[in-house]
Amino acid sequence: MLRTIKPKNARSKRALEARQPKEVEDSRTTIFVKGTHTGQLLNNVMRDLMTLKRPDAISFSKKNAIHPFEDATKSTASLEFWAQKNDASMFVIGHSSKKRPHGLTFVRMFDYRVLDMLEVGIENCVSMPEIKTPKSTPGNKPLMHFASDLFDTNPRFTQLKSMLISLFNGEVIDSICLAGLEHVISVSLGPSLPANDESSPLPTVHLRTYTTRLLASGTRTPRVELISMGPSLDMKLRRHTPADAELFKTSHAETQTEEERDLSKLQTRKMKGLNIGVLVLNSHLAQLDAGLLPGEKLEGSGKSRKNFLRSAAS
Amino acid sequence: MDVSNILASNTAKYQSITVEKETPLEVDPGLLLVSDLNPIDEESYASNLEEHLQSLARDGVQALLGSLFSLPTQRSDEGPLAQLPPPTTAIPRAKPLPKPKPLTKWEQFAKAKGIQHRTRDKRVWDEERQDWVNRWGRDGKNKQVEEQWITEVPANADVDFDPRKAARDERKARVTKNEKQRLANVSRGQGATNPRKAEIEKTLASSRISTASMGKFDKKLEGEKKMRGVKRKFEPTEKSLEAEKATSLALLSRMDSDAKKVRREGPKEEKVLNERKAVRFASKGRGGVALGRETARGKGKRTKGKR
């Protein structure tokens with residue numbers, strides 16, 4: 001646990017405020033951690049993933065004795081500490097051992113606590129510099145493509161999909177520059193084996209990255225061609241820890257209902273002085289017919305006609 | 001003129017931007033995401049993996065771009081900005097939702113009345129100077145009266161009336177009032193209870209357990225909270241002589257001591273005549289000795305015509 005800091009100047013106050021929870025969150029800052037042994041292949045993979053993730057990537061270049069699946073309590077404590085210290089909400093941990101070579105573990109955090117973990121083994125990698133093609137601009141948002149029915153049916157692959165979206169594209173934005181759609185991260189699976197067999201191995205995951213080339217098609221929508229960019233990874237799913245049910249539920253808290261969102265948009269527009277989309281209503285009240293009212297003094301009430309009219313009008 | 005060639009090439013172009021799949025692709029433009037839920041074709045997978053993957057990705061991306069380019073756009077310097085709808089795929093958050101900030105008393109009132117918040121400009125127009133001046137701060141409009149070199153004084157003002165001081169005091173009082181209100185809002189936001197209310201609750205709690213049965217058979221009011229942590233303790237009827245002696249002595253000493261008196265002494269009887277005050281009054285502040293001397297001489301200061 002970090003000590004609590006009381007801001008002493010405006011700059012540190014702003015820095016602390018930037019860490020406060022937001023309704024619409026920024027991209028997940030990811031820390032890339034090297035385990036006790038990584039090897040050239042894993043180093044390349046992590047470097048390339050970092051290139052894709054930049055500028056929201058932090059590199060831990062020194063070796064760390066971290067084993068999220070074996071030594072849960074100690075590793076979890078380390079992860080939580082790092083998450084707080086760096087205000088990071090995701091980890092990619094590379095670790096290679098004889099039993100599990102080229103292992104890459106994705107750890108997702110919620111409220112500086114570990115939400116879920118997923119380990120994959122890299123089987124084959126073509127790194128980014130090996131493919132001599134133009135690369136995407138750092139910081140541009142990628143398009144994401146997932147191809148297989150298993151991403152919807154198998155919980156292991158659902159988790160993988162959710163994890164990869166969180167890693168590359170978890171940020172909610174309200175507009176995007178169409179000219180800036182430069183690259184695609186495509187995740188596809190090998191052919192699915194006969195279902196309802198628990199022991200059968202899970203199909204290989206193919207992660208490919210392409211840059212897009214938009215060609216004129218004669219319509220508004222361009223025709224797209226893809227050029228391989230790298231990295232190209234072939235992975236196998238290994239161990240995983242699903243999210244704790246209660247934590248998972250809190251992490252999916254609804255921000256706003258659609259009506260509330262519309263209302264807040266309308267209010268901001270109003271505040272800016274724009275009257276676009278604001279419906280102005282006039283309520284019409286029928287005029288009081290004074291001729292039908294009783295005379296100067298109302299019987300019993302002691303109210304004058306003038307007062308009566310005033311009270312009726314208000 | 002034969003245009004069939006041109007037409008054919010044109011239709012080829014149009015076809016190339018539509019994607020036909022057995023299960024239609026699921027597009028989530030809010031997250032720039034497309035999911036292809038068709039099972040993987042084993043044949044093409046086995047024959048040429050890279051080509052198979054690229055064609056799958058191309059189809060998916062084409063569908064995604066189709067939906068992105070059909071969104072309403074806004075112009076910008078870098079090119080058209082597509083207005084994205086909110087995402088449909090649920091992704092866990094990184095941090096919990098922010099807690100709603102407690103409303104200030106004014107904000108509560110404004111909300112109830114439907115008053116819109118309006119930001120006030122920092123500068124206001126000065127008619128005399130024909131220029132924009134600060135509302136507050138350096139050469140602020142709020143300090144105009146106290147900073148001008150000559151000020152009109154009302155005809156009925158006191159001799160020591162200082163118009164500059166009066167204006168300054170008024171401004172400072174506003175500042176103090178605002179600070180007081182801010183602190184009240186902060187304490188209200190933290191859920192601080194009213195000290196008077198806390199005191200009443202404490203008194204009520206002690207009065208409720210002040211019967212022999214510790215309030216067990218008292219009439220309950222509607223909505224009255226149940227008392228917590230109140231238990232009646234019974235001493236054993238038979239106990240050793242030593243223990244009984246000890247408790248009795250403890251009780252006696254407690255009754256004797258001032259700090260925790262079981263029964264307080266009644267209030268002192270107030271005398272009708274305050275002698276000290278009477279002497280001071282009669283001697284006109286000169287003291288009892290002077291008064292005695294005077295009465296002995298029989299020569300006090302008297303008003304005319306009384307004798």
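1. Of the contacts in chain B between residues at least 6 apart in sequence, 28% join residues at least 24 apart. The model is a predicted one. Chain B contains 10 helices and six strands, and buried residues account for 18% of its 307 residues.

2. The interface between the two chains brings 71 residues of chain A into contact with 53 residues of chain B. About 5700 Å² is buried between chain A and chain B, with 63% of that area on carbon and sulfur atoms. On the side of chain A, the residues that lose the most area to chain B are His145(A), Leu178(A) and Pro191(A), which together give 10% of what that side buries.

3. Polar contacts across the interface of chain A and chain B involve 29 residue pairs, both residues being at pLDDT 80 or more. Several elements of chain A each supply at least two residues to the side that touches chain B, including β4 (103-110), α5 (155-169), β9 (205-215) and α7 (258-271). By class, that side of chain A has 29 nonpolar, 22 polar and 20 charged residues.

4. Three salt bridges are found across the interface of chain A and chain B. In one salt bridge, the side chain of Glu25(A) meets that of Arg93(B), at 3.6 Å from N to O.

5. Lys95(B) deserves a separate remark. This residue lies in the loop between β4 and α4 (105-113) of chain B. Its relative accessible area is 13%, so Lys95(B) is buried. Apart from neighbours within four places in sequence, Lys95(B) is in contact with Arg19(A), Pro21(A), Glu25(A), Asp87(A), Phe110(A), Asp111(A) and Tyr112(A).

6. A sheet also joins the chains. β7(A) pairs with strand β4 (residues 81-83) of chain B in the antiparallel sense, over three bridges. Within this pairing, Ile176(A) has Ala82(B) as its bridge partner, and Ser175(A) has Gln83(B). The open sheet consists of three strands in the order β7(A)-β4(B)-β3(B), with antiparallel pairing. β7 of chain A and β3 (73-74) of chain B each have a single partner strand and stand at the edges, so one side of each is left without a neighbour in the sheet.

7. Elsewhere in chain B, strand β5 (residues 123-126) and strand β6 (residues 131-134) pair in the antiparallel sense over four bridges. Asp126(B) stands opposite Asp131(B) in β6(B). The two strands, β5(B) and β6(B), form a hairpin with four residues between them, and Gln130(B) in the turn has a positive phi of about 55°.

8. Over all chains, the structure holds 24 salt bridges. Arg108(A) and Asp116(A) meet through their side chains in one salt bridge, at 2.9 Å from N to O. Arg108(A) counts as buried because its relative accessibility is 2%, and Asp116(A) likewise counts as buried, at 3%. Also in chain A, a network of salt bridges links Glu70(A), Arg100(A), Glu119(A) and Arg239(A).

9. Helix α6 (residues 163-189) of chain B holds Lys165(B) and Asp169(B), which are four residues apart and therefore separated by about one helical turn. The closest N and O atoms of their salt bridge are 2.8 Å apart. Lys165(B) is partly exposed at 47% relative accessibility, and Asp169(B) is partly exposed at 38%.

10. Glu170(B) and Arg174(B) are also four residues apart in helix α6 of chain B, about one helical turn. Their salt bridge has its closest N and O atoms 3.9 Å apart. Glu170(B) counts as exposed at 52% relative accessibility, whereas Arg174(B) counts as partly exposed at 48%.

Methods:
Residues numbered from 1 in each chain as written. Chains lettered and ligands numbered in written order. Predicted model: local features only at pLDDT ≥ 70, side-chain atom pairs only at ≥ 80, totals over all residues. Heavy atoms only, no water. Contact = heavy atoms within 4.5 Å. Buried area = accessible area lost by both parts, 1.4 Å probe. Salt bridge = Lys/Arg side-chain N within 4 Å of Asp/Glu carboxyl O. Polar contact = N/O pair within 3.5 Å; in protein donor to acceptor, adjacent residues only side chain to side chain. Nonpolar A, V, L, I, M, F, W, Y, C, P; charged D, E, K, R; others polar. Pairing = 2+ DSSP bridges. Buried < 20%, exposed > 50% of the residue type's maximum accessible area, 1.4 Å probe, protein only.
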